[in-house]
Amino acid sequence: MGAHVQARHVLLGVSGGIAAYKSCELTRLLVKAGHTVQVVMTAGAARFVAPLSFQALSGRAVADDLWTSRAADGMDHIDLVRAADALVIAPASANLLGRAAHGLADDLLSTLVVARGDIPTLMAPAMNQAMWANAAVRRNVEALRGDGVRIAGPASGPQACGEVGAGRMLEPEDLLWEVEALWQPKRLTGRRVLITAGPTFEAWDAVRGLSNRSSGKMGWALARAAWEQGADVTLVAGPTALAPPWGARLIAVESALQMRDAVHEALDRAATDIFIAAAAVGDWRPAQTSSGKIKKQPGESPPTLTLQTNPDILAETAARADAPFCVGFAAEAEELLANARAKRLRKGVPLLVGNLGPQTFGREDSACVLIDAEGHRELPRLPKLALARIILEDVAARMASPTLSDPS
Ligand code: CTP
């Protein structure tokens, strides 16, 4: 189970650029996620952010000089890189990318790049948009990609210099996803995954409607886990407070009918391998809706709300001639196993993830049970991301073995 939440040691190289301040937040997020971080700064980076900031956030002195070694044999640069599970350079300036692409080793960070051996390496470029578009930078980036370096970003948008375009370093939260993805096996490369997430909102009038307590966190975790494992991910989500998931295509919807349309459009657009229904789809919607606000009249009895049943998106998808491998969720208030077993058969899906709904909505963790035609497997209470990784690993194994994909 450890591999799904394992703490790692990250060698975080910071080169000179205004985006260096965002790497303070990346350091904090990595530490919060349970990892240890050794920061290495170039001289340029130290002009933007004081090494003390990184020292305080990582709990370790920053390494910044090739010529002062704390190791008796003077081999700090080798020791630093051998201890690491990943080398992450954020921000990676045009200068750093150029030196890295050409194997130059003229300061501590560039020497670590050359000495990195086969540890997973990620660089997050940050520079002015014209510099990013420059032919020499493009050549260097392609050379680094060819050498197996993951180039994360850059994003587009307004820049510190006032210009607008590609060259912004990825946001720290997105970089955290990128870094943790380095350690995930790529079991789903070339696979297309469609996920529903969050609650639905069934409008009654212009201001009122029916919804539920789903936060969308499980769907987001599944999108992240599928993306980490190399899949092309589309997430169809009802209203949530969550930021768009890095790496996945987000289709925002409101009602169950909109969610159903978005799912079928996505399935019609491209052959899909896996469908995971993590959304808490409203079972009913108001039979009559009003485009204005229903007013209360003094002395009148309250209006009667008549409901109409929503389509079952999961069952419909499982019944399609081109049905992907379908995974359902069952949020049960009691009798989890019995109810979830019956639900799996009713929906016609090979795999159902059961959990005790009221105890999981909005939480960061959950305990699940995986139910298939053979029986069930209990998963311990774990963070939703760790559970999502296990579920996707399980699905990937089933896709490789047709006997495990039996919906009957
Ligand atoms: N689901 C769906 N469309 C619906 C209702 C549910 O796609 N209209 C999916 C959910 O995303 C989940 C699974 O079906 O994967 C089970 O949802 P749940 O609400 O637990 O089951 P219901 O079929 O609604 O049964 P009940 O509410 O009676 O427990």
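Two worked exercises on a predicted model follow.

The model is predicted: local features need pLDDT of at least 70, side-chain atom pairs count only at pLDDT 80 or more, and totals for chains, interfaces and linings use all residues. Residues are numbered from 1 along each chain as its sequence is written, and side-chain values use heavy atoms, with hydrogens and water left out.

**Exercise 1. Describe the shell around the ligand.**

Step 1. Sort them by class. Nine are nonpolar (Ala, Val, Leu, Ile, Met, Phe, Trp, Tyr, Cys and Pro), four charged (Asp, Glu, Lys and Arg) and one polar (the others, Gly among them).

Step 2. List the backbone polar contacts (N or O pairs within 3.5 Å). Alanine 279 places a polar backbone atom 2.7 Å from a ligand oxygen. For isoleucine 313, a backbone N or O atom lies 3.0 Å from a ligand nitrogen. For alanine 331, the distance to a ligand oxygen is 3.4 Å.

Step 3. Check burial. The ligand alone exposes 570 Å², and the protein buries 78% of that (Shrake-Rupley, 1.4 Å probe).

Step 4. Assign elements (DSSP runs; helices H or I, at least four residues; strands E, at least two). H12 (313–318), E16 (325–332) and H13 (336–347) each give two or more residues. Strand E16 gives the most, four.

Notes
A residue is near a molecule or strand if one of its heavy atoms lies within 4 Å of it. A polar contact is a pair of N or O atoms within 3.5 Å; within protein, one must be able to donate a hydrogen and the other to accept it, and residues adjacent in sequence count only if both atoms are side-chain atoms.
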